[in-house]
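Here is a quick walk through one chain, from its overall dimensions down to a few side-chain pairs. Have the model open and follow along.

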Amino acid sequence: MTRILHILLLLAIFLSANAQSLDECRRLARDRYPEIKQYDLIALSEHYNLSNAARAWIPQINLSAQATYQSATPTYPEAFCSIMQANGIEMLGIRKDQHKIAIDISQNIWDGGLSKANKAITKADAAEQRSRIEVSLYDVQVRVDNLFFGILLLDERISQIEALIELLKSNLKRMQSYYNNGVAHQADVDAVEAELLIAQQTLGQIESSRASYRRMLEAYIGQRLSEERLERPAMPKITSRNSARPELKLFQTQENKLSARRKAINASLMPKLTAFAQGYYGYPGMDMFKSMISAKWIPNALVGIRMSWNIGAFYTRKNNLEKLDVAERQIAVQREVFLFNTELQTMNDEGEIARLHKAVENDARIVELRHRVRMAAESQFINGVIDVTDLLQKITDETSASLALSTHEIELLQASYRLKTTLNQ
């Protein structure tokens with residue numbers, strides 16, 4: 001008994017793993033789509049850029065070495081040199097060949113908000129790239145939905161054709177019995193058999209189309225679909241008409257990026273305050289008098305605060321801000337066009353849903369009536385009231401009505417999901 005339970009449990013797990021719902025297909029397609037890998041790359045790029053921006057506040061160290069030869073150097077007046085020589089002091093003067101090894105350390109104290117603005121630009125740029133990926137993944141979802149519902153429609157057609165084939169087989173068997181008993185003609189048997197062959201041929205064509213659709217969906221999700229029919233999703237609930245499409249988020253991230261750039265332009269106009277320390281070992285030193293007496297290398301140092309202001313940024317500020325204003329207006333126009341088209345699509349989807357609701361109601365009644373007519377036709381044929389052509393027409397009418405009902409039901413489901421996808425709810 002325990003062994004049987006284990007087998008049943010494994011079978012249930014296997015079947016659940018093979019069952020393909022719409023949500024599962026969407027998830028698999030999203031995870032498989034190559035562009036999803038861009039998320040990690042964007043995160044890495046953002047991390048490195050933010051790290052570089054933060055290093056603007058790390059002390060900057062510059063090492064240098066210099067050797068020069070001058071055409072002239074500072075000297076003492078000749079009379080002063082004579083007096084010093086009389087006292088036993090040799091005044092050599094500054095030599096024309098000079099050398100130094102220097103180190104310069106600087107630390108930003110205030111940069112007018114430029115580094116902060118650069119960080120904001122980095123974050124806004126990464127957010128924009130992520131939003132673009134979301135738009136691409138949204139398009140993948142739309143394609144997966146179309147394939148999924150296309151397969152559902154073909155599955156329903158196959159079910160209806162299979163039901164028609166069984167009905168025709170039953171009538172063919174009955175017709176052959178009538179022929180053997182001398183009640184029907186060979187032409188009657190041939191007519192039913194011809195309809196059966198046409199139905200079987202149609203079934204083969206539809207199964208071929210379904211196989212193609214399934215292969216395309218399998219390419220998106222990266223695994224084989226189960227042999228069973230796809231799971232029909234439940235009717236979705238539309239809570240509101242407010243759109244949450246990823247394109248709207250993309251427009252917002254683009255505007256955020258422009259805002260960050262505007263702050264960077266304004267920050268570039270501000271003066272910069274820097275603390276610095278400089279030191280060098282070489283000749284001559286800062287004590288020129290000592291260097292005139294001796295040519296030895298000596299250490300030298302100074303510290304201070306430096307203020308720099310690049311007023312050249314004012315020359316291009318107006319044009320740069322105007323360019324950002326133009327870009328913002330372009331984004332506003334794109335958003336307006338997108339919302340307009342989305343509203344039209346929403347209205348179209350809502351109209352289609354209303355039409356299909358009415359069609360399904362009518363189809364249900366038509367199927368009921370067609371079924372009663374077909375049952376009556378079979379009885380009339382047995383009693384010789386109608387011929388086989390009339391009977392086949394009634395069978396075809398019932399099959400067409402059943403197919404119309406199932407088709408409209410799936411189309412209603414697809415239209416509802418299309419509206420949900422249009423609004424991204």
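Two residues are in contact when they have heavy atoms within 4.5 Å. Among contacts in the protein chain between residues at least 6 apart in sequence, 86% join residues at least 24 apart.

Before going further, a word on what you're looking at: this is a predicted model, where local features need pLDDT of at least 70, side-chain atom pairs count only at pLDDT 80 or more, and totals for chains, interfaces and linings use all residues. Residues are numbered from 1 along each chain as its sequence is written, and side-chain values use heavy atoms, with hydrogens and water left out.

**Overall build**

How many helices and strands does the protein chain have? There are ten helices and four strands, with helices (H or I, at least four residues) and strands (E, at least two) taken as DSSP runs and numbered from the N terminus. Read from the N terminus on, the order is α-α-α-β-α-β-α-α-α-β-α-β-α-α.

Next, the dimensions. The C-alpha trace spans about 160 × 55 × 45 Å along its principal axes. The radius of gyration of the protein chain is 43 Å, whereas a compact globule of 425 residues would come in near 22 Å. That radius is taken over C-alpha atoms, and the globule rule is 2.2 Å times the number of residues to the power 0.38. Buried residues account for 36% of the 425 residues; buried means under 20% relative accessible area, exposed over 50%, and partly exposed in between (1.4 Å probe, protein chains only).

Helix 3 covers residues 38-54, which is 17 residues. From its first C-alpha to its last it reaches 24 Å, close to the 24 Å expected at 1.5 Å a residue; the expected span is 1.5 Å times one less than the number of residues. Which residues of helix 3 are buried? They are Y39, I42, E46 and A53. Seen down the axis of helix 3, the buried residues fall within an arc of 60°, so they line one face of the helix. The arc is that of the directions from the helix axis to the C-beta atoms. The cover over these buried residues includes helix 2 (22-32) and helix 5 (114-180). Over on the other side of helix 3, D40, L41, Y48 and N52 are exposed.

**Strands side by side**

Strand 1 (residues 60-69) and strand 2 (residues 97-110) run antiparallel and are joined by ten bridges. Strands count as paired if DSSP finds at least two bridges between them. As a landmark, N62 has D104 in strand 2 as its bridge partner. Strand 2 also pairs with strand 3 (residues 272-283), again in the antiparallel sense, over eleven bridges. There, A102 stands opposite Y280 in strand 3.

P284 sits in the loop between strand 3 and helix 8 (288-293).

**Salt bridges**

A search of the whole structure turns up 24 salt bridges, each one a side-chain nitrogen of Lys or Arg within 4 Å of a carboxyl oxygen of Asp or Glu. Here are three of them.

| Pair | N to O distance |
|---|---|
| R27 and D31 | 3.6 Å |
| E128 and R132 | 3.0 Å |
| E247 and R245 | 3.2 Å |

R27 and D31 are four residues apart in helix 2, about one helical turn. R27 is partly exposed, with a relative accessible area of 45%, and D31 is partly exposed too, at 48%.

E128 and R132 lie in helix 5, four residues apart, about one turn of the helix. E128 is buried, with a relative accessible area of 10%, while R132 is partly exposed at 42%. Salt bridges that share partners tie D125, E128, R132 and K257 into one network.

As for the remaining pair in the table, are E247 and R245 buried or exposed? Both are buried.

**A serine in helix 10**

Finish at S402, in helix 10 (residues 388-423). S402 is buried, with a relative accessible area of 18%. Leaving out residues up to four places away in sequence, S402 touches Q160 and V367.
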